[in-house]
Each structure stands twice: as structure tokens, then as C-alpha cells.
Amino acid sequence: MAQETATLAAYVAELKYDDIPPEVLDRAKVLTLDFLGSAIRARREAESTPSVVNMLAALKLDAAGEATVFGDSRTWTPAVAALLNGTMGHSLDFDDTHADSSLHPSAPVVPAAFAVGEMVGASGREVLTAIVAGYEVCCRLGNALDPTSHYARGFHPTATAGTYGAAAAAGKLFGLSEQQLVYAFGVSGSQAAGSLQFLVNGAWNKRYQVGASAMNGVIAATLAKNDFVGAIESVEGKHGLLVGYTDTPHHDKAVAGLGTTYETMKIGVKPYPSCRYTHAAIDAIIALRREHNLTPDQVKRVEVGLHRNGITLTGDASTKRHPTSIVGGQFSMFFTGALALDQGRFGWDDYTRLGDRAINNLADKFDVVQDETLEGRSHPFGARVTITTEDGVHERLHDDPSGEPTSFPTAQAMSDKFITLARPVLSSRAQSFADAILSLERFDRVEQATALGRA
């Protein structure tokens with residue numbers, strides 16, 4: 001035990017924009033833009049969005065404020081904006097993923113940073129610094145939790161470790177001292193919650209609990225700013241995060257290389273709007289389909305081998321073979337694999353094929369199994385696909401899905417993804433907003449950029 005809470009707090013308090021390597025800042029801007037594309041589209045199209053907005057109205061929590069909700073025409077109070085942006089940005093399941101920790105860093109961190117950044121009149125540089133601080137904290141805590149153990153306990157790391165990342169970003173923008181950040185992390189430990197029970201019925205909890213983590217991080221930092229005394233040692237303590245949330249804690253991973261090794265550079269982006277554990281298999285299916293000119297009627301059987309985490313999240317045939325909801329589809333290796341095999345592609349609009357007879361029939365040919373050769377690797381997202389046809393057997397192993405740091409998309413590809421998602425909501429302003437986010441450091445006040453993201 002090496003006082004991980006205090007070490008992380010000191011790192012956040014002392015971090016300066018000029019300390020961060022240019023490539024890390026550039027990557028943070030691209031990741032932020034990628035996340036905002038999902039948030040903007042989900043404001044209009046995610047089926048869960050009206051329920052959250054109506055809840056806020058029913059509880060009189062929908063007052064006007066100074067914070068942007070991306071894709072919306074009005075402004076909200078900061079904590080509520082963080083909630084909405086976090087919920088919506090995670091709703092399409094199209095947001096970034098950090099492979100080692102198996103969590104989505106931008107979803108809790110970016111909403112907290114923008115909400116507080118607008119609240120305090122921060123510059124673009126200050127917001128970028130806070131986003132990097134938040135990424136580093138939540139990814140490192142996700143590593144320390146050991147995602148396999150954390151998942152086995154039934155926890156969703158984006159919502160648990162993500163609360164700390166959101167508090168780090170918010171606390172950085174408030175200018176909290178090291179002690180105040182320790183207290184903010186202490187409050188975060190009481191709010192870190194996220195159950196995997198949503199997997200049973202394709203529930204919307206997954207989206208909401210990530211938005212709640214963004215909001216809770218803002219609340220934790222605001223309490224600390226106002227002299228609230230939070231728990232100390234909330235990461236490593238007797239009843240801390242690494243005791244209550246995992247069976248195999250790795251304390252050293254919370255702080256190893258802090259300030260020199262940037263977990264931000266290990267964050268990957270998604271080419272498909274589904275659980276990251278489905279992506280390597282989708283890549284392999286599309287590649288095999290193209291290489292061998294496969295058509296669905298030629299296929300007799302498809303076996304997909306995944307890491308056990310992928311089985312937990314996407315491979316239960318009894319509940320996931322024929323999903324009926326979008327969340328169910330996002331976490332179904334059977335549905336996403338069948339789509340890829342049928343179409344040779346997979347995008348957000350393809351969820352209209354939920355319940356499609358042709359897709360269900362093709363999904364019946366899929367078996368999803370645990371592949372022992374994928375265990376013990378540095379990343380758990382690989383897949384082995386074996387397709388049996390009338391003419392023979394075709395197999396392909398993908399160690400990592402596309403979009404990881406080793407195959408990070410080009411700037412043009414990232415821009416195209418954002419414009420495809422955002423243009424139906426922002427119309428002609430989508431490009432101007434993208435340009436603003438990708439040059440965020442030029443803005444003396446971040447609200448000059450965020451205002452372009454309102455519908």
C-alpha cells in the first residue's frame with residue numbers, strides 16, 4: 001500500500017498544461033470529439049433520453065443554468081449537464097474504451113470537465129488539462145481494480161472508477177488543493193456505483209449510471225471546494241475501493257509511471273456501436289466475408305472465441321441470441337456477429353434490424369465460447385472466429401479490435417465519424433464545432449467552443 005489516494009491527488013493538483021506532451025493533448029482532443037459525436041446524436045435518438053429529461057422536469061431539476069448539454073438548444077445547471085452529457089454520450093455504446101481497464105474514460109470525465117469549465121470560466125487549455133487528469137485517474141484505478149475480477153463481482157468500471165476520474169477533472173478546474181482532492185476522492189468512494197445487472201434485460205441502467213458518475217464527480221469536487229471533509233485513503237484504505245470492489249487488487253497499477261506514462265495514449269475508439277468485446281470478432285467476420293466472398297446461405301456454423309469477460313458481457317446464448325432492445329443488441333455477440341456476416345458492415349442505424357428474421361436465423365448458427373488462448377494477454381479484447389461453410393472451414397484470429405492505439409484511425413476517419421453522428425442534429429454547424437474542439441487550446445473561455453455544440 002503506497003498511499004495511492006494522496007499520490008493521485010497530488011498529481012492532479014500539480015499537473016500543468018505545459019507538462020503534458022503535445023501528442024497526449026492532441027489525442028485528448030480527438031477522444032473528446034469522438035465522445036461528443038455520440039452525445040449529440042443520442043440527445044435526439046437514444047430511446048432512454050426522454051425518460052431522463054422527464055425525470056429532471058418532474059423533480060424540478062431542469063432549471064436553466066450556464067452549462068451546455070450537447071445537441072440541446074438550452075443550457076442547464078452544471079451537475080445536471082454532466083448527468084445528461086454522460087448518459088447520452090454512453091447511450092450509443094460508440095464511445096472510447098481503455099483496453100487494460102475495460103472502461104470508457106470519456107463518458108464520465110469529459111462531461112464533468114465541460115460542466116465545471118463553463119461554470120468557472122475556464123480556458124480551453126485548462127479544460128484539456130482537466131480531461132487528461134481525469135483520464136489518467138480513472139484508467140489507472142480501472143487497472144488497479146483488475147477488470148476481470150471487477151466484472152466477476154458484478155461491477156461496471158466506467159461507473160465506479162469513472163466517478164474518481166470525473167472528480168479529478170472537476171477538482172482540477174476548481175483549483176482544489178491536494179488535501180481537497182483527497183476529500184473529493186473520499187466522497188467519490190461513497191458514490192462509486194454501477195451494477196452489471198442491466199445485462200439481464202437490456203436495461204438503460206448502463207447509460208444512466210455512467211451519467212451519474214459524471215454528476216457525482218462534480219458533486220464530490222464541489223463539496224470539497226466548500227470545505228466538506230471527505231474520507232481519506234478511499235482507494236487503498238481498509239474499506240476502500242480496492243478492497244470492496246475486487247478480489248485481486250493491483251495497488252501498484254494505480255500510480256505506476258504516473259506523470260511519465262500516459263494511459264490516455266492507450267485509449268482506443270470504436271468503429272462499431274456495441275460492446276468492445278464484440279469488435280475483434282466483427283472485424284474478423286467482415287474480413288473473412290470479404291476474402292472468401294461468403295454469403296449467409298453458404299454458412300453452416302460460426303464459432304466465436306472470446307475472453308471470459310466477453311462471455312460474461314456478450315456470450316450467454318440463453319439471453320443474448322435474439323435481443324429485442326438496443327442495449328440487448330449492443331451486448332449480443334450473436335446479433336452483432338450476424339449483422340456483420342449478413343451486411344459486411346455495422347453502424348448505428350442497423351439497430352433497426354433487431355427482430356429481423358434473417359438476422360435471427362443467422363444468429364442461430366453462432367456459438368460463442370471461451371477461448372483459453374485469449375486469457376492472460378495484455379488486452380482482453382481479442383477474438384477467434386471460425387466459419388464453417390459448404391466448401392470448407394475458414395478461421396481468423398484478431399488479437400485486438402481495430403481502433404486500438406496500434407491501429408488508431410486517421411484524423412479524417414475520426415472527423416468523418418463525428419460528422420456522420422452530429423450532422424443530423426447540428427446541421428451545417430457540425431464542422432465548425434468539430435474544428436473548435438480540435439483547436440480547444442485556442443479559446444480563452446471554453447464556452448466559446450461549447451456553444452457551437454448546442455442545437
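Predicted model: local features only at pLDDT ≥ 70, side-chain atom pairs only at ≥ 80, totals over all residues.
Residues are numbered from 1 along each chain as its sequence is written, and side-chain values use heavy atoms, with hydrogens and water left out.

**Stop 1: the sheet**

Select β5, residues 299–306, and β7, residues 383–389: these strands run antiparallel and are joined by 7 bridges. (Strands here are DSSP runs of E, at least two residues, and helices are runs of H or I, at least four residues, numbered from the N terminus; two strands pair if DSSP finds at least two bridges between them.) Zoom in on V299 and you'll find T389 of β7 opposite.

Now show the whole open sheet: 4 strands in the order β6-β5-β7-β8, with mixed pairing. Which strands stand at the edges? They are β6 (366–370) and β8 (392–398); each has a single partner strand, so one side of each is left without a neighbour in the sheet. Neighbouring strands are turned by 15° against each other on average, direction ignored.

**Stop 2: the helices**

**Stop 3: the salt bridges**

Side chains of opposite charge can pair when their charged atoms come close. The structure holds 25 salt bridges, each a side-chain nitrogen of Lys or Arg within 4 Å of a carboxyl oxygen of Asp or Glu.

Select R276 and E404, whose closest N and O atoms are 2.8 Å apart. R276 is in the loop between β4 and α12, E404 in the loop between β8 and α18 (411–426), 128 residues apart. Are they buried or exposed? R276 is buried at 2% relative accessibility, and E404 is buried with 2% too. (Buried means under 20% relative accessible area, exposed over 50%, partly exposed in between, with a 1.4 Å probe and protein chains only.)

Jump to D247 and R153, another salt bridge with closest N and O atoms 2.8 Å apart. D247 is exposed at 56%, while R153 is partly exposed at 34%.

Last, select D26, K29 and E441, which are linked in a network of salt bridges.

Methods: Axes fitted to C-alpha atoms, helices over the stretch in contact; angles between N-to-C directions.
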